[in-house]
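Colleague: I would like to learn how to read a model like this one, feature by feature. Could we go through it together?

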Amino acid sequence: MSLVITGYTATSALGCGVECIQGSILGNHSGLRKNDFPGCDLETWIGRVSALETTLLPRHLEHLDSRNNRLTWLGLQQDGFLASVFELIDRIGVDRIGVVMATSTSSIGRTEEAYMHLDDSGLFPAKYCQPEVHNLHSPGIFVAEATGLTGPSLTISTACSSSAKVFATASRWINHGLVDAVLVGGIDSLCLSILYGFNSLELLSPGPCRPFDIRRDGISIGEAAGFALLVRKDLAPEAEFELLGYGESSDAYHMSHPHPEGKGAVLAMEQSLKRADLSASSIEYINLHGTASKANDLVESYALSQLFPTQTLASSTKGWTGHTLGAAGILETVMTLESMKHGLLPGTLNCEHPDPEFKFPILTENTQKPIRIAMMNSFGFGGNNASLIFGRLDD
């Protein structure tokens, strides 16, 4: 069954909504800044959403308060996305639209906060007694309640591939007739556990990350919320973009290190091509996972060289936003769709000297080029890999 995207939005360190993405890329302006997250003294750069500090939940959602859910609410309000959801509800009903959210850490920042404010008895104060917040399904619970959707709801947490995999799950739900449309998305917010956790793994760069650069020395962590509506094509004949294929794999090679031969990444990309019934040469642009860690970039480059001709354009956008973990897939999907819409491919920001060991060329400068078929890759800890292919429908 042909599935289309009828609306999408993203909020990140670049700003709220898709116009901020285009403005930042045109101006070569990164959203990364020196770490100023409260309570964190690490020397690193982060992709922080500035507007989040003044965001409040509406009264009927206050019982779900957390930084992650405030980011979710802020993101849902951009680009007329909520209006698109409600218009679809009016046409097909609240029970025929599913919710598939993604996250890596959910509202763990709220849990950290709760433990910092234990009462004299060693218990959470009343306002922190939030069983629907202190769990990984919090994003799915929040989005369903915020939108009024009553279809099936699921939250996926497979590290950095999480919000790419939402498209695969949504596709299966629709193709099996469970629903007619799915609100997909991903949200991850900054918290101390993530910042200090990645620091303990020696993966944080002290400066802005440099994907695919020979001087790359680690990642920059960011936060983001992104959403899209995946719908049966017959319900949205005027849609601009189509999900052509998806691929998923789990090579389970190591808890954090990618397979040295990129086996899981190759398998996910091969599956997405097979589902889309496309050859590798049909892909005009690839939005890479490209985290700026030593191993990840080298392995991804090797994986690409096993499938794609060297004229395929490819870049990482994490120099613009930081690595938004469980939200990376949806954020970079939105950036890919915007690239296709405007014919502007983002270069790999901060990649000034590509590593000569790479087996595949990387786009370092912004490039104007019309694109009709593009791939987006997200590869996570534990060998959880996902690859998506999108097509631009004829005008």
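Colleague: Where is the place of Asp-79?

Modeller: Helices (H or I, at least four residues) and strands (E, at least two) are DSSP runs, numbered from the N terminus. Asp-79 sits in the loop between H2 and helix H3 (81-92). This is a predicted model, in which local features need pLDDT of at least 70 and side-chain atom pairs count only at pLDDT 80 or more, while totals for chains, interfaces and linings use all residues. Residues are numbered from 1 along each chain as its sequence is written, and side-chain values use heavy atoms, with hydrogens and water left out.

Colleague: Now helix packing. At what angle do H2 and H5 pack?

Modeller: Axes are lines fitted to C-alpha atoms, for helices over the stretch in contact, and angles run from 0 to 180 degrees between N-to-C directions. Helix H2 (residues 67-76) packs on helix H5 (residues 138-147) at about 40°, and their axes are 10 Å apart. Angles under 35 degrees count as roughly parallel, over 145 as roughly antiparallel, 65 to 115 as roughly perpendicular and the rest as oblique. H2 and H5 are therefore oblique.

Colleague: Which residues of H2 and H5 meet?

Modeller: Contact means heavy atoms within 4.5 Å. From H2, Asn-68, Asn-69, Thr-72, Trp-73 and Leu-76 meet Ser-138, Pro-139, Phe-142, Val-143 and Ala-146 of H5. An α-helix has 3.6 residues a turn, so residues three or four places apart point the same way. For residue class, Ala, Val, Leu, Ile, Met, Phe, Trp, Tyr, Cys and Pro count as nonpolar, Asp, Glu, Lys and Arg as charged, and the others, Gly among them, as polar. The contact of H2 with H5 has six nonpolar, four polar and no charged residues.

Colleague: How do H1 and H11 pack?

Modeller: Helix H1 (residues 18-26) and helix H11 (residues 328-342) form an angle of about 70°, and their axes lie 10 Å apart. That makes the two roughly perpendicular. Val-18, Ile-21, Gln-22 and Ile-25 of H1 touch Val-334, Met-335, Glu-338 and His-342 of H11. By class, this contact of H1 with H11 has five nonpolar, two polar and one charged residues.

Colleague: Which residues in helix H4 are buried?

Modeller: Arg-110, Thr-111, Glu-112 and Ala-114 are buried in H4 (residues 108-116). H7 is included in what covers the buried residues of H4.

Colleague: What does the side chain of Ser-205 reach?

Modeller: A polar contact is a pair of N or O atoms within 3.5 Å; within protein, one must be able to donate a hydrogen and the other to accept it, and residues adjacent in sequence count only if both atoms are side-chain atoms. The Ser-205 side chain reaches the backbone oxygen of Gly-207 at 3.0 Å. Another polar contact, of 2.7 Å, joins the side chains of Ser-205 and Asp-217. Ser-205 is in the loop between helix H7 (192-200) and strand S8 (221-222), and is buried at 1% relative accessible area. Leaving out residues up to four places away in sequence, Ser-205 touches Glu-43, Thr-44, Trp-45, Asp-217, Gly-218 and Ile-219.

Colleague: Is Ser-171 buried or exposed, and what of Arg-172?

Modeller: Ser-171 is buried, at 6% relative accessibility. Arg-172, found in helix H6 (residues 162-175), is partly exposed at 31%. Not counting residues up to four places away in sequence, Ser-171 touches Leu-3, Leu-230, Leu-243 and Tyr-246. On that basis Arg-172 touches Tyr-246 and Glu-248.

Conventions
Buried < 20%, exposed > 50% of the residue type's maximum accessible area, 1.4 Å probe, protein only.
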